[in-house]
Every structure is written in structure tokens, then in C-alpha cells.
Amino acid sequence: MPAPRKYPDELRERAIREVRSTGRPIAHVARDLGIHKEALRGWVRQAEADAGERDDRLTTAERDELRELRKENAELRRANEILKAASVFFAQEIDRPRTRPSR
């Protein structure tokens with residue numbers, strides 16, 4: 001479960017819009033809005049990546065897809081381990097000599 005967001009989405013969008021439209025330094029906008037400057041810097045970088053202006057970060061959609069793929073990969077690995085254990089169990093059952101019950 002992800003951690004709760006410290007800042008509302010509306011504040012994030014407003015801060016990003018202000019930095020990008022006015023060209024003011026991130027530190028000044030952050031101070032005016034009561035946001036930590038490094039948080040705002042990360043938001044601006046992510047917004048730039050989402051807009052295709054940065055190549056050094058994954059877009060939000062790519063990050064979401066990667067998270068889902070990692071989750072699916074972990075589930076498939078667990079299922080594979082269960083199937084391996086089951087195949088070993090049934091192979092041992094097949095290899096056991098069968099004896100007829102005595103009457």
C-alpha cells in the first residue's frame with residue numbers, strides 16, 4: 001500500500017504550472033506555497049518527463065506499467081514455485097512401488 005500523499009494533487013498541479021509558466025526558480029515557488037523545494041523539483045521533473053521533455057526519467061505511465069509488470073512477475077514466480085513443488089510431489093507418488101492391500 002503506497003504511503004499517503006503529503007500534498008494534495010491540486011497543490012501539486014498549481015505549483016508545477018507556476019514553475020513552468022512563470023520561469024521562477026523552484027525554491028521561490030516552493031517557499032511561497034509552503035512546499036519543500038526538493039519535492040517540487042521532483043514534481044517538475046516528472047511533469048517534464050510526462051510531457052516528453054526529459055529522457056532521463058520514466059513517464060508516469062511507464063512507471064505504472066513497470067510496477068504492474070513487476071507485480072505480475074512476482075505472482076508468476078510464486079505460481080512457478082508451487083507448480084515445481086507439486087510436480088516433485090506427484091513424481092514421488094508415481095515412483096513409489098504399489099503394494100496390494102492384504103485381505
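What is the volume of the largest pocket?

1. Pocket volume. The model is predicted. Its largest pocket has a volume of about 420 Å³.

2. Residues at the centre. The lining of this pocket counts 15 residues. Nearest the centre lie R5, R12, Q46, T60 and R63.

3. Nine of the lining residues are charged. Three others are polar, and three are nonpolar.

4. Helices around the pocket. Three helices each supply at least two residues of the lining: α1 (9-22), α3 (37-50) and α4 (60-95). The largest share comes from α3, which gives five residues.

5. Domains around the pocket. Domain 1 covers residues 1-57 and domain 2 covers 58-95. Each of them contributes at least three residues to the lining of the largest pocket.

6. Packing of α3. Two packed helices are described by the angle between their axes and the distance between the axes. Helix α3 packs with α2 (residues 26-33) at an angle of about 120°. The two axes are 9 Å apart. Angles of 65 to 115 degrees count as roughly perpendicular and those over 145 as roughly antiparallel, so α2 is oblique to α3. The crossing of α2 past α3 is right-handed.

Technical notes
Residues numbered from 1 in each chain as written. Predicted model: local features only at pLDDT ≥ 70, side-chain atom pairs only at ≥ 80, totals over all residues. Heavy atoms only, no water. 1 Å grid on protein atoms, 1.4 Å probe; cavity = no way out; pocket = protein on both sides within 12 Å on 5 of 7 lines; lining within 4 Å. Points joined across faces, edges and corners; volume = space filled by probe spheres on them. Helix = DSSP H or I, 4+ residues; strand = E, 2+ residues; numbered from the N terminus. Nonpolar A, V, L, I, M, F, W, Y, C, P; charged D, E, K, R; others polar. Domains from an automatic or database assignment. Axes fitted to C-alpha atoms, helices over the stretch in contact; angles between N-to-C directions. Parallel < 35°, antiparallel > 145°, perpendicular 65-115°, else oblique. Left-handed = near helix turned anticlockwise from the far one by under 90°.
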